[in-house]
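Subject: Structure handover

Hi,

Here is the structure for you to look over. My notes follow below it.

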Amino acid sequence: MSLVGLQSWLLQEGIRDDLDAIIRLTVRTELDNLVPEPAAPSAVAIDWPRLLLAGSILARSDQRIDQEAALRIATAAISLTDDQALKDAGAVLLGKLSNFRAITLANDRRLLTAGLDGRLGVALRLESQRREMDRSILVESSGAWLQVNDFQQRFWTNAGGGSWLSASAPTASGKTFLVLQWLIDQLSAGDTRVAVYLAPTRALVSEIETTLQGLLGKTKRIEVSSLPLRDKYEAARAGGAQVILVFTQERLHLLANVLGDAFSIDLLIVDEAHKIGDSQRGVILQDAVERASRANSKLKVVFISPATQNPEALLTDAPDGVQTVAVDSDAPTVLQNLIVANQTQRKPKLWNLTVRQQGSTVPVGTLQLASTPAGLRKRLAFIAAAAGQRGGTLVYTNGAGESEDVADLVSQLLPQPGSIDPELAQLADLARKGVHPNFRLAPLVERGVAFHFGNMPSLIRLEIERLFRSGKIRFLVCTSTLIEGVNLSCRTIVLRGPRKGIGHPMEAHDFWNLAGRAGRWGNEFQGNIICIDPEDTEAWPTGVPSRARYPIKRESDAVLELGDGMADYLSRRGVSDLSSLKDSDKFEQVGAYLLTTFMRLGSISAASLSKRHDAASLAKLDQALAALAAQIEIDVDLTTRHPGVSAIGLQRLLEAFRSYAGDVENLLPAEVASEDSYDRFVTIMGRINKHLFPAFEPEKVIRLYALIVVQWLKGFSLAEMIRRNIEWHRTTGRTYSLPVLIRNTMELVEQVARFKAPKYLSAYMDVLHMHLRQINREDLIDHGLDIGTQLEFGISSRTLLSLMELGLSRMSAVALYEKIARDDLSKEECVAWVTEREGQLEAMDFPVIIVRELRERLLPLDDVDSNSTA
Amino acid sequence: MPAKPIDLGPLHFAKRGDAVACLNDMLHRYDVGDRVGANDTVILRAALEHHPDAEAKKGCGITHFSVRTADFGTKCFWLNRTDGTTEKFSHRACIYGT
């Protein structure tokens with residue numbers, strides 16, 4: 001029998017019964033509130049030596065299913081038996097799997113007796129030591145040796161040199177941690193002056209920025225920033241501190257716009273790179289990578305993605321002559337138990353739990369709920385509260401409103417805490433002061449429960465994530481923001497009928513991208529995915545998905561593969577009545593990308609994407625693009641500055657400016673402090689809708705959009721915007737629901753003020769400036785901070801910008817700015833202002849979390865020390 | 001009743017209705033948020049002199065006029081004073097005095 005044959009036989013027959021027995025026993029240790037089963041078989045009945053031998057045979061396989069079984073056997077031997085020899089054997093097996101973090105965890109939990117090496121025979125000890133040496137890498141920046149798994153080692157080995165790299169591994173493989181270490185190493189040891197780390201969401205940007213700052217500690221040689229401003233970039237280029245810029249794809253374009261021809265980065269890391277396939281923003285990411293690569297032909301690019309099928313697909317656009325390498329892993333680092341929950345017949349408080357494991361099912365027991373779950377939300381909440389009572393429990397809901405309701409239900413089932421943890425109290429205080437005194441989050445976090453969605457202010461969201469990691473928040477009810485890129489793992493995730501966005505059932509790869517977060521490698525041995533009502537076809541139209549990896553496909557390629565739709569859209573895009581455009585959601589962004597590419601190259605058959613599409617459809621597209629390009633006099637440099645904005649739209653806007661009969665000054669936005677500002681934005685948004693693209697629709701909501709934009713630019717706090725919104729509802733006699741109003745205000749800020757408005761208003765300004773230069777009215781061009789950056793950060797004063805440049809979140813910057821009289825302070829003057837009032841910060845009635853951020857970012861203690869000793 | 005003529009700066013109107021029509025046209029030439037141009041400002045300043053609350057409206061002095069949102073999604077003229085205050089006014093009231 002071959003080794004592969006033996007491994008297959010072992011799983012199917014040889015150890016099947018014992019394996020099922022340990023699955024049942026290990027999973028039972030993970031779940032709370034199971035009905036006791038005293039008559040069930042125990043660990044004593046298992047033939048451990050045979051099972052461990054099988055484990056070591058399975059560990060030699062490169063198949064995920066075999067490795068999972070080996071990991072299960074090792075974990076069971078360590079945690080279920082009392083025999084030191086069996087536990088030691090389990091640890092050796094973990095070593096064979098290069099899972100050193102799990103061994104460390106077993107030691108930390110005192111599941112292993114100290115001095116394992118001494119108890120091993122000479123041969124085993126030598127083998128174990130050789131393996132540890134083989135599986136270590138030297139972090140040059142710190143001089144430390146790091147023990148790594150197979151994936152991490154292959155990444156480290158292949159990441160050197162100038163080649164483009166695409167790495168993919170399941171969540172909880174230690175990707176982010178390792179890549180950040182590697183990034184710092186590159187800057188410490190190499191010639192890299194400017195590195196950019198791209199992350200798909202502002203949430204992830206803040207998180208990576210914070211992690212990097214933590215890793216860098218006190219070093220001043222490497223700066224980290226998430227602001228697309230020229231200062232740190234230019235300092236790094238001039239030989240000062242090197243810089244790591246953490247950006248979304250939109251911010252990378254903003255930086256490139258600010259720098260113009262000087263834009264050149266040395267190293268680009270693209271995290272969550274599979275999101276190049278996302279609708280509408282995927283092509284902006286693709287454009288950002290291509291733009292950076294055009295600006296520096298020697299740019300090194302590293303793509304990272306979670307459990308993807310084809311990481312090499314990202315490398316096809318590497319410039320000719322650049323080597324590429326894909327590092328792919330599907331190896332498990334932590335056990336993931338897929339558990340389905342079905343109600344016991346006629347007993348709504350009892351739920352049968354069954355583990356599904358590659359084709360087999362293993363009943364693990366019955367879950368006892370505290371209360372009868374009437375309705376689907378209660379079902380989700382009560383099962384989560386019962387099974388995940390010990391904490392680290394994530395509950396997935398299909399929307400922000402539902403997440404609040406489910407969190408509320410979970411909290412009601414928890415015992416009233418005797419006293420409130422100080423950190424939870426501080427977060428509750430921040431929620432009350434930073435959002436609204438009656439924001440639902442506040443009383444919930446006091447009980448260790450929170451909800452989490454995309455449009456929340458980052459300071460609050462990051463603190464929720466931090467306290468969930470530390471265990472103080474025991475239940476976190478989340479929405480699809482979590483699949484959109486937040487690095488958060490959990491012990492247990494509970495789901496029922498998960499959807500992505502509004503109404504679309506989750507595809508298998510999305511489900512597993514989410515479910516893959518169950519299991520905190522190094523903190524737990526196992527993670528649990530509990531799927532409720534697996535047979536309900538409304539909840540799970542295609543059943544609970546089998547494990548699947550994400551297929552990477554660029555948004556641009558996906559849209560082109562739809563057939564003639566793109567060419568048809570382009571041929572209609574030149575019409576004057578934009579409101580008649582159909583399917584713009586699908587085609588506008590990619591169409592804009594194609595048009596700019598055509599303008600740059602003269603034909604898209606000269607573009608990299610032509611490798612992936614047939615000549616006939618490319619010729620048809622070229623024809624449609626040529627017809628548009630013939631009408632465009634705006635140059636390609638200007639259109640490149642505005643990814644996702646169509647050049648033909650920019651041209652139409654230019655024509656509208658030319659035919660404008662009024663005073664040209666009225667085309668400019670008014671100062672936000674002026675009375676005209678709001679109305680001017682109303683008119684400008686209408687103009688954008690009519691000529692550029694109907695971005696601010698429906699038309700009747702433009703006034704609300706304009707109001708939000710003005711308040712945001714004026715530097716209003718979210719709390720103030722919510723307060724005014726409530727006031728407006730009261731004075732106009734309109735009814736409102738506070739939670740909905742709060743969520744809507746947050747959404748308007750994120751989606752309009754920080755996303756659509758900067759995108760389209762900065763394009764508007766660029767075309768207007770072109771027009772002003774052509775009519776010799778350059779005197780009207782303001783060379784200050786561009787409107788895109790002002791809107792992205794919600795600032796229009798020098799002082800606020802300085803505070804954010806110093807690393808404060810907007811929430812803290814705005815809170816502090818309310819106390820600062822002057823609007824023109826530089827960074828140094830802001831620091832001086834705070835330093836002078838250091839002793840009074842606590843008395844200024846800021847939430848403690850804001851004071852903490854002020855102290856960390858503006859009053860670094862080591863500086864004070866070094867000054868005083870100098 | 002005979003038509004009453006009115007002068008607004010350099011413009012003479014034989015009937016008040018014509019003056020209102022002229023100001024209506026002017027208003028609709030502008031978008032909300034626009035600052036009123038120099039020539040039109042002369043006419044508006046003259047019109048404001050006929051307003052029943054002319055002195056109160058002018059206050060400490062007028063820097064410029066704007067067109068902004070009025071109630072119910074319409075638009076109207078607003079005056080901006082040297083002290084930074086702003087107030088809307090009815091151009092019909094300027095002509096008809098009520």
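A term to start with: helices (H or I, at least four residues) and strands (E, at least two) are DSSP runs, numbered from the N terminus. On that basis, chain B reads β-β-α-α-α-β-β-β-α from its N terminus. That order holds four helices and five strands.

Some housekeeping. This is a predicted model, where local features need pLDDT of at least 70, side-chain atom pairs count only at pLDDT 80 or more, and totals for chains, interfaces and linings use all residues. Residues are numbered from 1 along each chain as its sequence is written, while chains are lettered from A and ligands numbered from 1 in the order in which they are written.

Chain B

The C-alpha trace of chain B spans about 40 × 30 × 25 Å along its principal axes. Its radius of gyration (taken over C-alpha atoms; the globule rule is 2.2 Å times the number of residues to the power 0.38) is 13 Å, which agrees with the value near 13 Å for a compact globule of 98 residues. Of those 98 residues, 26% are buried. Buried means that 20 or more other C-beta atoms, placed from the backbone, lie within 10 Å of the residue's own. Contacts are pairs of residues whose C-beta atoms, placed from the backbone, lie within 7 Å. Among chain B contacts between residues at least 6 apart in sequence, 47% join residues at least 24 apart.

Chain A

Chain A has 36 helices and 19 strands. Its C-alpha atoms fill a box of roughly 90 × 70 × 65 Å along the principal axes. The radius of gyration of chain A is 29 Å, in agreement with the value near 29 Å for a compact globule of 870 residues. Buried residues account for 49% of the 870. For contacts in chain A between residues at least 6 apart in sequence, 71% link residues at least 24 apart.

Confidence

pLDDT is the predictor's confidence in each residue, from 0 to 100. Chain A has a mean of 91, and 98% of its residues reach 70 or more. Within chain A, strand β7 (residues 267-270) is highest at 98, and helix α36 (residues 861-869) is lowest at a mean of 44. Residues 863-870 of chain A fall below 50, and beyond near neighbours in sequence this stretch has zero contacts in the model. Where pLDDT is low, the predicted coordinates should not be read in detail.

Where the chains meet

Best wishes

Definitions and conventions. A residue is buried if 20 or more other C-beta atoms lie within 10 Å of its own, exposed if 12 or fewer, and partly exposed in between; C-beta atoms are placed from the backbone. Two residues are in contact if their C-beta atoms, placed from the backbone, lie within 7 Å.
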